[in-house]
Amino acid sequence: MENAIRDWRGRRYRPGPVPADRMRLFWLALAAMAAIGPLQYGYAALLAREPGGLTLLAVWIACQAAGALPALRLVRRGRLSVRAGLATGALLSGVGLATAALSGGLGPPALVGYALLGGLGGGLVYGICGEVVSLWFPERPAARVGLITGAFGYGAVPLLLWAGIAPGATTAAFLVTAALATAVIAVAAVHLRLPPPLWWPDDVDPRTHALDAARLRTAPESVRQFGLAQAMRTRTMPTLALLLTCAGAVSVFDVIVVAGTGSWGAVALLVALNGAGRSVAVRASELFGRRRVLAAVFGSLAFGQVLLAVAVENAAENAAAAAALWLGAVAAGLGGGAFYPLLAGLVREFFGAERGGDIHAVVYSAKAVAGVVAVVLALTALTAPVGALLAAAALAALPALAAPRLRLPGLPATIPL
C-alpha cells in the first residue's frame with residue numbers, strides 16, 4: 001500500500017474514483033436485506049406461537065448471528081467471493097422460508113430447513129451486505145448501514161399485512177416470499193462487489209474529513225486502529241455485547257407478544273418502526289452523539305414494555321388497552337431496532353474502521369444469546385405476561401443507564417467522558 005495516505009490518527013486511505021453504480025450497489029444490498037426480514041420477524045409473528053416454535057426461532061437467531069462472523073472473515077481474506085457467499089445465502093434463505101411454509105414452522109424439517117439452513121443463509125446475507133455497503137461508503141458507514149439494516153426490519157411488513165388480512169393464506173404468503181427472496185438475493189449476488197482495499201472516494205479529502213470538528217464532537221475517532229484480539233481485551237467490547245444481548249432479546253420478544261394480541265396492524269407498525277427507526281436514530285446520533293441517542297433508544301424500548309404491560313393488564317377495557325397497545329408498539333418499535341446500527345457505529349468509533357467489521361461481527365454474535373433470552377421471556381409470558389413484560393422493561397432499562405458511561409478504549413481513565 002505504498003500509495004496510501006494517512007490521517008492524524010494513522011488510518012490509511014487509497015482515494016479513487018467513485019463508480020457510477022455505487023448507489024445501485026446500495027439499493028441492491030438494501031433489497032437483499034429486506035428479502036431476509038421475513039425469516040426473523042415474519043416467523044416470530046406468524047409461526048412462533050408455542051414452545052416448539054419459540055425454540056426453533058432461538059436456533060434461527062443463533063445461526064444467523066453466528067453465521068455473520070465466518071462470512072465476514074472469509075470475504076475479507078478473499079477466500080469467499082461476494083457472489084458465491086450471496087448465492088449461497090439466496091439458496092439457504094429460500095429453503096428456510098419454504099420449509100417454514102410447508103412444515104407449519106414446526107418439527108424436524110423446520111429445525112433443519114428453517115432454523116439451521118435458513119439461519120445460516122440469513123447470516124451470510126446480513127454480514128456480506130453490511131460489509132459491502134460500509135466499504136463503499138466509508139465517509140458515512142453508519143448512516144448507510146443503518147438504512148440497509150432497517151430494511152431487514154420492515155422487509156417483513158408486506159408478509160405480515162397479507163397474513164393478517166387473509167390468515168388462511170399464511171402458507172402461500174411464505175412460499176411467495178421464499179421465491180422473491182431467492183430471486184432478489186441472487187440478483188444482488190451477480191452485481192455486488194467489494195471496493196479495492198482501503199478505498200476512499202476521491203471527491204472527499206480523507207484528512208480534512210478526519211479533522212472535521214463538528215463530526216468529532218459527536219463521533220470522535222478511535223485512539224488507534226484496534227485488532228480483534230486487542231478489542232477483546234478491553235472492557236468496552238464485552239459491554240457492547242451485553243447491551244446488544246439485553247436489547248436484542250426484548251426486541252424479538254415484543255414481536256411475539258404483540259402478535260399474540262391478534263392486532264396485526266399493531267404488529268406491522270411495530271416491525272415497520274423497528275426498521276425505519278434505525279436510519280432516524282443514526283441521523284440523530286450525528287447531531288447529538290451516539291451514546292446519548294443510544295440511551296434514548298434504550299429508554300424508548302423500556303417505556304414500550306411498560307405500555308404493553310398496561311395493554312395486557314387491561315385487555316378487558318377495550319379503549320384503554322387499544323391505546324396502550326398502539327402507543328407501546330410505537331415506543332417499542334422505535335427502540336427495538338435502532339440500537340443495532342448505533343452499536344455498529346460505536347464499534348467503528350471505539351476501535352477504528354480498518355477492523356471494525358470483524359469486531360462488530362463478534363459483538364453482533366451476542367444476538368445468539370439474545371434469542372435464548374427472548375424465548376425465555378416468551379415462555380414466561382404464556383402464564384405471566386405482565387411479569388414477563390416488566391422483566392423486559394428492566395432488561396432494556398439497564399442498557400439505558402449504561403450507554404452514557406461508555407468511553408473510548410485506550411484513553412486514560414482520568415480523562416472525563
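## The second largest pocket

In this predicted model, the second largest pocket is lined by 26 residues, and those that lie nearest its centre are Glu-139, Pro-141, Arg-215, Ala-219 and Arg-290. Two or more lining residues come from each of helix 5 (141–154), helix 8 (206–210), helix 9, helix 12 (264–288) and helix 14. The volume of the second largest pocket is about 430 Å³, and its lining divides into nine nonpolar, seven polar and 10 charged residues.

## The largest pocket

The largest pocket has a volume of about 690 Å³. Its lining is made up of 28 residues, with Arg-76, Leu-135, Leu-198, Glu-354 and Arg-355 nearest the centre. The elements that supply two or more residues to this lining are strand 2 (12–16), helix 2, helix 4, strand 3 (199–201) and helix 15 (356–364). When the lining of the largest pocket is sorted by class, 15 residues are nonpolar, three are polar and 10 are charged.

## The enclosed cavity

Across the whole structure, a search finds one cavity of 30 Å³ or more, and the space in the largest cavity comes to about 200 Å³. This cavity is lined by 17 residues, of which Leu-72, Tyr-126, Gly-127, Gly-130 and His-360 are the closest to its centre. Helix 2, helix 4, helix 5, helix 14 and helix 15 each give two or more residues to the lining of the largest cavity, and helix 4 gives the most, with five residues. The lining of the largest cavity holds nine nonpolar, six polar and two charged residues.

## Aromatic pairs

The count of aromatic pairs in the model comes to 14. One of them is formed by Trp-60 and Tyr-114, which are stacked, with 6.3 Å from centre to centre and 15° between the planes. Because Trp-60 belongs to helix 2 (residues 51–76) and Tyr-114 to helix 4 (residues 107–136), this pair ties together parts that are 54 residues apart in sequence. Both Trp-60 and Tyr-114 are buried.

The rings of Phe-226 and Phe-351 have centres 5.5 Å apart and planes at 85°, and the pair is therefore edge-to-face. This pair also links distant parts of the chain, since Phe-226 lies in the loop between helix 9 (213–218) and helix 10 (228–232), whereas Phe-351 lies in helix 14 (residues 318–351), and the two are 125 residues apart. Phe-226 has a relative accessibility of 3% and so counts as buried, and Phe-351 is likewise buried, with a relative accessible area of 0%.

## A ring cluster and a charge over a ring

Beyond individual pairs, ring pairs link Tyr-41, Tyr-126, Phe-152, Phe-298, Phe-339, Tyr-340 and Tyr-364 into a cluster. One member of this cluster, Tyr-126, is also among the residues closest to the centre of the largest cavity.

A further contact with an aromatic ring involves a charged side chain: Arg-144 lies over the face of Phe-26, at 5.0 Å from the ring centre.

Conventions. Residues are numbered from 1 along each chain as its sequence is written. This is a predicted model: local features need pLDDT of at least 70, side-chain atom pairs count only at pLDDT 80 or more; totals for chains, interfaces and linings use all residues. Side-chain values use heavy atoms; hydrogens and water are left out. Rings of Phe, Tyr and Trp (its six-membered ring) pair if their centres lie within 6.5 Å; planes under 30 degrees apart count as stacked, over 60 as edge-to-face and the rest as tilted. Helices (H or I, at least four residues) and strands (E, at least two) are DSSP runs, numbered from the N terminus. Buried means under 20% relative accessible area, exposed over 50%, partly exposed in between (1.4 Å probe, protein chains only). A charge sits over a ring if NZ of Lys or CZ of Arg is within 6 Å of the ring centre and within 35 degrees of the ring normal. On a 1 Å grid over the protein atoms alone, a cavity is a set of points where a 1.4 Å probe fits but cannot get out, and a pocket is an open set with protein on both sides within 12 Å along at least five of seven lines; lining residues have an atom within 4 Å of a point. Grid points are joined across faces, edges and corners, and a volume is the space filled by probe spheres set on the points. Ala, Val, Leu, Ile, Met, Phe, Trp, Tyr, Cys and Pro count as nonpolar, Asp, Glu, Lys and Arg as charged, and the others, Gly among them, as polar.
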